[in-house]
Amino acid sequence: MKRYDAIVIGAGHNGLSAAAYLAKAGMEVLVVEKNDYIGGAAVSRELHDGWTYSNCSYVCSMLRQAIHRDLDLSRHGLMLVPYLGTISYGLNGEVMLGYHDEGAAHNELKRFSPHDADAMHRFEADMNRYSQFIRKTLMRTPPDPVAPKIRDIHELLFLGKQFWNLGEREIYEYIRFFTMSASEFLDDYFEHYLVKASMATPGIIGTALGVESPGSAYILLHHVMGDVDGSIGAWGLARGGMGAISHALASAFQSFGGEIRREAPVAQVLVQHGRANGVVLENGDEIYANVVVSNLDAKRTFTKIMDPKDLPPGIVKKAENYKIRGSSGKVNIALSGLPKFINVPDNRYINRGGQAFIGSMETLERAYDCWKRGRWSDDPFIESVIPSAWDPTVAPPGGHWMSNFIQYCPPELEDGPWTPEKRDAFGKTVIDKIERHAPGFSDLIEHMEVRTPYEIEQEVGLTEGNIFQGELTIDQLLFNRPFPGYAQYRMPVKNLYMCGSSTHPGGGVSATCGANAAREILMDLKRPNTVPEDDCYDE
Amino acid sequence: MSEAMQTDPYAGERLKESPFHPRQAALNLREAWSSWNGYRFAEYYYDPEYEYFCIRNGCGTYDICPMQKYRISGADAAAMLDRMVTRDVHKLAIDRVTYVVWCNDEGRVVDDGTIFRLGEQEYMLTCGSPCLAWIRKAAYGYEQVTVEDVSDEIAALSFQGPTTCAVLKRMGLEGIETLKPFGIRRFPFQGGELMVSRTGFTGDLGYELWIEKDRGLAMWDALYAAGEPYQIQPYGEEATNMARLEAGFIMPDMEFAEALKTVHFEHDQTPFELDLGWLVDFKKPHFNGRRALLEEKERGTRYTLTKLDIEGNKPAESSWIYRDRDCTKQIGYVTSAMWSPAAKANIALAMIETEYLDGPIWAWIDYEKELRQYGKVARCTVSKRAFWAPPRARATPPPDC
Ligand SMILES: Cc1cc2nc3c(=O)[nH]c(=O)nc-3n(C[C@H](O)[C@H](O)[C@H](O)COP(=O)(O)OP(=O)(O)OC[C@H]3O[C@@H](n4cnc5c(N)ncnc54)[C@H](O)[C@@H]3O)c2cc1C
């Protein structure tokens, strides 16, 4: 019977990145994926003839350049294209355009508030500065501050030094970041409702927090710390959809001799004498390996594919209580033409960025109130992109596809679980809101895919549909992610590791969780490290 | 004094406008103009990086009207060209294009360009700088050859990017997908003739469109109508420069100084130094610079233009190249450098003393961070391949077409 050096459970992009680095080190690695396609939440699928959706994640900024470069993902077919500014829709048809040119963008802001136009410079500099610190932690294993080994002490000193470099005033600010709400944080900069609301939206994406909830300020930072070609805060599209990232990682993995088995859901991790020994598939097949790596979220790993008897009881409890509330929906729409939005000029560049259907801070908070009650708002926040406006490969010529990310959408409704009828009603709400800004929009619809947290969990296996594999709050970040004491990718069973977004540095298409996990595994196996150092130190 | 000068005293200072100017001016939102051979010429239209991505992700047009074009015809045309350039022109079949350089007697590069074989005895030579005087010189002694400067007669547009074939097809150019790299084909266009070559300066899938001047705008409009759902976009010099560097192509005034214009001794380059030895055909009995080049080939070339992949992400613009990390022994200099968004690499072309190519190579990189000057030493790796060479650039038919 064949025995692999390592089995990775799940072909999400982090599973593939971990697998690629293990295989690069010469290990024989098998990835087992439950679906008949790879990528997890970084996926492209053609559900309607000629249209390719990025079904879950849709824009890219967090993918570490060091990994892209090191694994030569460009040669494996990956191209990231930065997009232009974002259009924000406010109340009563008010529209703030996002121009790409700095001067034009400033003029546009001034139309709303000269004060805010100036404050934007300070805001951007501040966000950039805070990002510098976080960025430096992304491709490093968080130190254990409680039971430190020598390496942890080095890391703590490193973090301390980076932190100190922020300067005294900023250190205070920084600590507040993790506990402040997005709204409080932004009050220090902006006065106009739409400027503020549009800057606040990254603070709620994917999280079960509201703009007024403590902690949402950090989520905001998490969404602007990425970059495209070194331009911090910029977002881009993957040519061919987000699946192109997973496919490039898979191709790199396979070039190192790696093997991927699709339609191979894991039923349980095999544990023998306190060590992970392989997996049993749902079809009963047993596959053995010296190391098992789970790409699943922490809750799923410990409550679904492990026998509680193999685990310390404390960890099962922790996993059950792990904060992983679903809060987002996704509506992917195939369109026969480009929609025309009210008060948006017919400018050939304007659709090559994001569109944020907001309303005001109050609209956002109201939508959150609905979520808390197990409802969806009839005026939800929608963040859209029309990737086909600059990716020629995702829709037929003249046709378009629109990606709509909706905050909020509850994992379960007040009157019980999701049903197809309720799902469609949710989809209708989204279309109605867009239609209000683009009359005639619904007539353009050729096909659509509506995904509530329920569908996201069923298809991707993200528990409750939480897009980050667990909330990004201070109690679940850095050395607390996923649980205090288990933040270094090693799990309580020997030879068992985690590599998904439940681990540091968290959700988003970054490939870092996988790469960091691989580095730890190689260290335990006393094999030479294949994972590159981050190149953000060059900034 | 001409009439125009009387009404506009600055008329002489203003640059010529290409046949595509009315459309290009409308799209030049940033008013970013420079000049090329006396023509007003766009540095960029909207944003250099955006335009670069049109080349790599979609399609874009680049005005090559200012490029010099010479029609060379007659029974002696091939022989005359063969004397002038280092490559064997007799091998060039009808309706094919070839890339060439030509040298002075010392084997130093005068310019590079392309030769189109348009008929049995008819050629077109294109190049970046005016070259008529040199061509006339090369024609000495050949009776049956006429040289005609047709630069201002032809409207020429480079059309580059992965969706170009699909757009041309949509424009009605039937069978365009069967045109091979460096091939030429003619299509009827609104009563005239549109010539298309599968050539370009971006290393990607792409074509160049050639038409008589007066039909230029009509061609533009037809192309832009067909390209509309493909987000067709004009691009300028900056995007071109990014794309050509990724493809590893050389640029005058960057990689080489035109030999006829250099003042200092051997501050120009030979084809071998430019890593273009493959363009030099010693099987030909005679051509300009042959003796000097043969000597150089035997002796070995002092410098070699080298593709470098440099650690970190600071572009090594104008960097010095060293053999050692301590930067005590200088062995060369960078000619062009950039961060490559497509390859995700910090790339450069550098002139390096050939004897040191096998050893360690370091670059001293100067950069600025919020007004403060910094310097760093970065390890360089020699790259044999172009940084960007997608299979679609060579595929016939191209993918998605
Ligand atoms: C709707 C949505 C929108 C998002 N938008 C963005 C965005 O625009 N930008 C961004 O950067 N991030 C975005 N994210 C977040 C990002 O996509 C995720 O954080 C990231 O893709 C997670 O990757 P992962 O590899 O860690 O895990 P996953 O992608 O969750 O991978 C887990 C894999 O394991 C497989 N699996 C599950 N159970 C089993 C089993 N029992 N046996 C075998 N295989 C199994 C799954 O099928 C899946 O392939 C979004 C997420 C969602 C859901």
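How many residue pairs are in polar contact between domain 1 of chain A and domain 2 of chain A? I opened the notebook with that and counted 14, both residues at pLDDT 80 or more. A polar contact here is a pair of N or O atoms within 3.5 Å; within protein, one must be able to donate a hydrogen and the other to accept it, and residues adjacent in sequence count only if both atoms are side-chain atoms.

**Ground rules**

I am working on a predicted model, where local features need pLDDT of at least 70, side-chain atom pairs count only at pLDDT 80 or more, and totals for chains, interfaces and linings use all residues. Residues are numbered from 1 along each chain as its sequence is written, chains are lettered from A and ligands numbered from 1 in the order in which they are written, and side-chain values use heavy atoms, with hydrogens and water left out.

**Entry 1: the two domains of chain A**

I looked up the bounds first. Domain 1 covers 3-80 + 239-324 + 463-524, and domain 2 covers 84-113 + 328-408 + 410-451. Such bounds come from an automatic or database domain assignment. Taken over C-alpha atoms, the centres of the two domains are 30 Å apart.

Next I checked the contacts (heavy atoms within 4.5 Å). I found 16 residues of domain 1 of chain A touching 25 residues of domain 2 of chain A. The buried area between them is about 1700 Å², and carbon and sulfur atoms give 57% of it. Buried area is the accessible area (1.4 Å probe) that two parts lose on being put together, summed over both. On the domain 1 side, Trp51(A), Tyr53(A) and Tyr58(A) lose the most area, together 41% of what that side buries.

I looked for salt bridges (a side-chain nitrogen of Lys or Arg within 4 Å of a carboxyl oxygen of Asp or Glu). Between these domains there are 0. Strand 3 (44-48) and strand 4 (51-54) of chain A each give two or more residues to the domain 1 side. Strand 4 of chain A has the largest share, 4 residues. Helices (H or I, at least four residues) and strands (E, at least two) are DSSP runs, numbered from the N terminus.

**Entry 2: chain A against chain B**

I counted 28 residues of chain A in contact with 39 residues of chain B. About 2900 Å² is buried between the chains, 48% of it from carbon and sulfur atoms. Arg69(A), Tyr349(A) and Asp538(A) supply 23% of the area that chain A buries here, more than any other three residues.

How many salt bridges are there between chain A and chain B? I found 2. Asp229(A) forms one with Lys344(B), with the closest N and O atoms 2.9 Å apart. Helix 2 (65-70) and strand 5 (80-82) of chain A each supply at least two residues of the chain A side.

I noted a cis peptide bond joining Gln407(A) and Tyr408(A), with omega about 20°. Tyr408(A) sits in the loop between strand 18 (400-407) and helix 14 (420-437) of chain A. The bond from His504(A) to Pro505(A) is also cis, with omega near 0°. Pro505(A) lies in the loop between strand 20 (496-498) and helix 16 (512-524) of chain A.

I also logged His273(A), a residue other than glycine with a positive phi, near 50°. His273(A) is in the loop between strand 12 (266-272) and strand 13 (275-281) of chain A.
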